[in-house]
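Me: I have a protein model open and want to learn how to read it. Can we take it feature by feature?

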Amino acid sequence: MSGKYGWFSAMATDKIKAVVAYEPGQVVLPENAEIPQLPYKNALAYEMLQPITVPEAEFNKLTKIPILIIYGDNIATEPNEIFNVDVWRLSKAYAETFVKEINARGGDATLLDLPSIGIEGNTHVPFADKNNIEIANLMEDWLHKKGLDGKTNPHRGPQPKGLTEFTIPIAQ
């Protein structure tokens, strides 16, 4: 359910430059949005995955930053009684609605379905999978296209206060 933290963080500050969400469990939608009534077989999954409605003005803050949502494979296309099977099917369907709502308001949101671009075999944790470099490269390429990869202005980390030189003592 951690997907909601990214959305709420991005709505709370203008310091977030983009959101990349890997199979977010939950999305937000504006209060006036039509929430699709999806078929389900697991009532708990259905209840837990309902989009969180937020005021239109808050939701519109998400239209100011690029958003990439990535889903792997092994996501069911039909309702299932097994909780985790229905969770990811519902999550993806609501994420599709989220992307449509963002883009309908002039935003820049993309839902990337890995199997649709020929990448298969990913679990819910694609950075732990054997093709994790390929998955990381997708994000890096997307960040580069959005001008957010830092290649022209790399982050150098926090700068120490009051220190201008570092020396490493050599053991004698």
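Me: What percentage of the residues of the protein chain count as buried?
Reply: This is a predicted model. Of the 172 residues in the protein chain, 38% count as buried. A residue is called buried when its relative accessible area is under 20%.

Me: And the surface?
Reply: The protein chain has an accessible surface of about 10,600 Å². Carbon and sulfur atoms account for 54% of that.

Me: How many helices and strands are there?
Reply: Count five helices and five strands. Along the sequence they follow the pattern α-β-β-α-β-α-β-α-β-α.

Me: How do I read a sheet?
Reply: Start with the general idea. Strands of a sheet pair through backbone hydrogen bonds, either parallel or antiparallel. Now the case here. Three strands form an open sheet in the order β1-β4-β5, and the pairing is parallel. β1 and β5 (108–113) are the edge strands, each pairing on one side only. On average, neighbouring strands of this sheet are turned by 10 degrees against each other, direction ignored.

Me: How many bridges join β1 and β4?
Reply: Four bridges, in the parallel sense. Look at tyrosine 22: it stands opposite isoleucine 70 in β4.

Me: How do I read a core?
Reply: The general idea first. In soluble globular proteins, nonpolar side chains tend to be buried together. Here, the largest nonpolar core has 32 residues. Trp7, Val28, Leu62, Ile67, Ile69, Tyr94 and Phe98 touch the most other members. Several elements give two or more residues to this core, including α1 (3–12), β2 (28–30) and α2 (43–48).

Me: Which element gives the most to this core?
Reply: α4, with nine residues. A second, separate core has nine residues, among them Leu112, Ile119, Ile135 and Leu143.

Me: Which residues is isoleucine 67 in contact with, leaving aside its neighbours within four places in sequence?
Reply: The list is Trp7, Val19, Leu62, Phe98, Ile102, Asp108, Ala109, Thr110 and Trp142.

Me: How far does α4 reach from its first C-alpha to its last?
Reply: It reaches 31 Å over 22 residues. That is close to the 32 Å expected at 1.5 Å a residue. Glycine 106 follows α4, and its phi is positive, near 90 degrees.

Terms used:
Residues numbered from 1 in each chain as written. Predicted model: local features only at pLDDT ≥ 70, side-chain atom pairs only at ≥ 80, totals over all residues. Heavy atoms only, no water. Core = buried A, V, L, I, M, F, W, Y, C linked by side-chain atoms within 4.5 Å. Buried < 20%, exposed > 50% of the residue type's maximum accessible area, 1.4 Å probe, protein only. Contact = heavy atoms within 4.5 Å. Expected span 1.5 Å × (residues − 1). Areas by Shrake-Rupley, 256 points an atom, 1.4 Å probe, with all protein chains shown as cover. Pairing = 2+ DSSP bridges. Axes fitted to C-alpha atoms, helices over the stretch in contact; angles between N-to-C directions.
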